[in-house]
Amino acid sequence: MDSKSQTDLQKKETLDAIGKLCLLDDNLMTLVFDRNIEATELLLNVILERNDLAVLEVIGQREYKNPLPGGRSITIDIYARDREGKIYDIEVQRASAGANVRRARFHSSMIDTKMLRSGQEFKEIHESYVIFITANDAIGAGCPLYHVNRVIEETGTYFGDGSHILYVNGSYKDDTDPIGRLMHDFRCLNSVDMFYPVLARQVKYFKETEGGQEIMCQIFEDLVEKRAEERAEERAEERALEEKKASARRMIARGKLTVEEIAEDADLPIEIVRDLTGLELV
């Protein structure tokens with residue numbers, strides 16, 4: 001197969017993949033909502049069961065860096081801020097495992113770290129919402145929405161710290177209410193089948209027009225390149241670890257150094273060195 005035929009085949013495969021995307025895929029979802037205040041207002045008003053929420057800012061794929069050396073950072077699918085200063089982190093997850101309850105806790109804490117500047121009082125921190133839209137019922141109770149708020153156990157009353165976590169059941173089906181129609185639209189492959197015009201217009205652009213498809217194709221190419229780089233980095237890290245272990249084994253064989261000294265010289269965690277020596281952890 002010549003290079004042109006190969007390129008044409010790859011493009012066809014990419015377009016076929018794009019055709020199978022819906023708003024439950026974070027790449028399409030991010031494009032549809034990024035900088036799109038109208039669509040984001042619709043989404044949040046439906047999920048929060050309001051009709052007056054006004055969004056001031058929407059950013060797709062916003063990164064929150066962990067200030068700790070080696071600490072885990074996050075990149076949230078959609079960041080939004082409303083006119084009252086409330087912050088919204090909107091995530092879509094195909095697999096329920098991606099919406100683990102401790103992940104929600106971590107996202108909430110990372111968002112909080114960016115809300116106060118030096119000298120501000122704690123009472124000035126704004127309310128925040130971490131919203132997971134999952135393809136399946138992540139909680140498993142059959143509800144369309146799950147609201148998670150801190151409660152004082154002894155009184156059963158809301159703690160009132162302004163931190164909110166919501167899970168939206170993407171498998172919920174009921175075309176007679178707003179959440180049901182919204183989740184229907186998130187599952188749709190074709191814009192003509194969608195209820196909400198503001199969402200249908202964006203999905204149609206990115207999936208069915210030449211300009212939108214070019215953007216999607218570039219995203220797919222970037223993902224392939226990024227994954228190749230990540231795999232190369234993982235292999236390099238694995239090789240480096242095996243070289244350190246080999247060095248540690250040689251030192252163990254000589255029998256002249258303590259486990260602690262070998263761990264320091266080989267730049268390995270002491271647990272790994274103990275495992276190599278067959279010693280039990282103490």
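Residues are numbered from 1 along each chain as its sequence is written. In this predicted model, local features need pLDDT of at least 70, side-chain atom pairs count only at pLDDT 80 or more, and totals for chains, interfaces and linings use all residues, while side-chain values use heavy atoms, with hydrogens and water left out.

Helices (H or I, at least four residues) and strands (E, at least two) are DSSP runs, numbered from the N terminus. Strand β2 (residues 74–82) pairs with strand β1 (residues 55–64) in the antiparallel sense over eight bridges; two strands pair if DSSP finds at least two bridges between them. Strand β2 also pairs with strand β3 (residues 87–93), again in the antiparallel sense, over four bridges. Within β2, R81 stands opposite E57 and also opposite I87 in β3. The hairpin of β2 and β3 has four residues between the strands, and G85 in this hairpin takes a positive phi near 85°. Strand β2 is largely enclosed by the rest of the structure because seven of its nine residues are buried (buried means under 20% relative accessible area, exposed over 50%, and partly exposed in between, with a 1.4 Å probe and protein chains only).

Most residues other than glycine have a negative phi.

The side chain of Q61 makes a polar contact of 3.2 Å with the side chain of T30. A polar contact is a pair of N or O atoms within 3.5 Å; within protein, one must be able to donate a hydrogen and the other to accept it, and residues adjacent in sequence count only if both atoms are side-chain atoms. T30 belongs to helix α2 (residues 26–33) and counts as buried, at 9% relative accessibility. Leaving aside neighbours within four places in sequence, T30 is in contact (heavy atoms within 4.5 Å) with G60, Q61, D77 and I78.

The second largest pocket is lined by 21 residues, of which S108, R150, D161, S163 and I165 lie nearest its centre. A pocket is an open set of points on a 1 Å grid over the protein atoms alone, where a 1.4 Å probe fits, with protein on both sides within 12 Å along at least five of seven lines; lining residues have an atom within 4 Å of a point. Helix α4 gives the most to this lining, with six residues.
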